[in-house]
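Let's take a walk through a protein model together. Have a look at the sequence and the 3D view, and then we'll go from the whole chain down to a single residue.

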Amino acid sequence: YTTDTKSREENKKTLESLYSLSVDITKIRRLKEWVLLQDVAYVKEIAGILQEMGADETTVANIIERCPEAILRTPAEINSQRALWQLVCQNEKQLVKLIEQFPEPFFTTEYQQNQKANILFFQELGLKNNIITRFLTSAPSIFYNPVEKNKNVIETLQRNYLNLGGSEANMKIWILKLLSQNPFILLNTSTAIQDNLEFLQKNDFTDQEVLQLLSKLKGFIFQLNSTTMQKSMLFSKNIFKCSDQELKQLVLKCPALLYYSVPVLEDRLEGLLKEGISIAQIRETPMVLELTTQIIQYRIKKLSALGYDIKSGNLESLNGTKKDFEVTYGKIQSKKQRPIFNPVAPLHIED
């Protein structure tokens, strides 16, 4: 579709069809004007298929505005894609909802054979349909791979899991959990996965510890490389002034020390030091490095308002997800509000 747009005019028939569907054409001009210049478009046909599936006029207009190239797909391509996604959708109502939320993956029809083979492979593997639909919308690129490549990566993971001492009985659960947490591991090569695992073993992590790290890192370790991991570990060793053994324990406690690049770790460390937090405190609770500087500042501000001095205490109260922090904050708040004496207790007054 890379044509000289200046010398061409918008397709009048396309414009009329879009107007009749109440589509906001200014949005399309702003987003992807080139779509309007194409000689052939299937506006009415694509709208008809969506309506047949249960989409109302507003939904159809919304889908086309968000993904204008949908009208350049042939009805045959869209019907094939519809049949394909129905393999994992409960019904057409759910399918329409997915298309409205994530139109681009649905209207990317170039890889239908690979998509189908991968959907069937994931089903055989034991992934639930709702997880596969999540992959189709949030990680569509993994379906564009030939199925052999995805099988190869899964086999490499299975082999390494067993070699590291994982049990045959738990392997399936482990693989499915890893994939659910991070489907993008399938975009790596088997060689990259092998290299990263060997890097950890060369750094004296035991097989059990490597398995522990894989689970904690949710598969992100496979998107790293030995050079960045080496630099991050060296940086942490210098900052915390620790031995190799102590560094290993810190990494097991906080895999972010392995995962984040040196500039990210430097930035987060600087943010903590500016708040008056010491290196010793960070070393005691390294998990705070998993949080962005903005989150840390927000949490410190909230705790300070309750009179809680983060500089003198440990950093556990800053840790965890948003939900974890809210629970911690609530406990500190209720402790502060609780009266010193019990007003309903009987008073012992001497005669």
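What follows starts with the overall picture and then zooms in.

First, keep in mind that this is a predicted model. How much confidence comes with it? The pLDDT averages 88 over the chain, and 94% of the residues score at least 70. Residues 1–6 are another story: their pLDDT is below 50, and this stretch has eight contacts in the model beyond near neighbours in sequence.

Now for the overall build. The chain has 20 helices and zero strands. Along its principal axes, the C-alpha trace spans about 95 × 65 × 45 Å. The radius of gyration is 27 Å, while a compact globule of 351 residues would have one near 20 Å. Of those 351 residues, 44% count as buried. Take the contacts between residues at least 6 apart in sequence: 73% of them join residues at least 24 apart.

Next, pick out helix H11 (residues 168–181) and helix H13 (residues 207–216), whose axes come within 10 Å and cross at roughly 40°. That's why H11 and H13 count as oblique to each other. Trp174, Leu178 and Gln181 of H11 make the contact with Leu211, Leu214 and Ser215 of H13. Four of these contact residues are nonpolar, two are polar and none is charged.

Finally, find threonine 191 in helix H12 (residues 190–202). Is threonine 191 buried or exposed? Its relative accessibility is 52%, and the cut-off for exposed is over 50%, so threonine 191 counts as exposed. From threonine 191 to lysine 202 is eleven residues in sequence and 16 Å in space, C-alpha to C-alpha.

Key:
Residues numbered from 1 in each chain as written. Predicted model: local features only at pLDDT ≥ 70, side-chain atom pairs only at ≥ 80, totals over all residues. Heavy atoms only, no water. Helix = DSSP H or I, 4+ residues; strand = E, 2+ residues; numbered from the N terminus. Buried < 20%, exposed > 50% of the residue type's maximum accessible area, 1.4 Å probe, protein only. pLDDT = per-residue confidence, 0-100. Contact = heavy atoms within 4.5 Å. Axes fitted to C-alpha atoms, helices over the stretch in contact; angles between N-to-C directions. Parallel < 35°, antiparallel > 145°, perpendicular 65-115°, else oblique. Nonpolar A, V, L, I, M, F, W, Y, C, P; charged D, E, K, R; others polar. Rg over C-alpha atoms; globule rule 2.2 N^0.38 Å.
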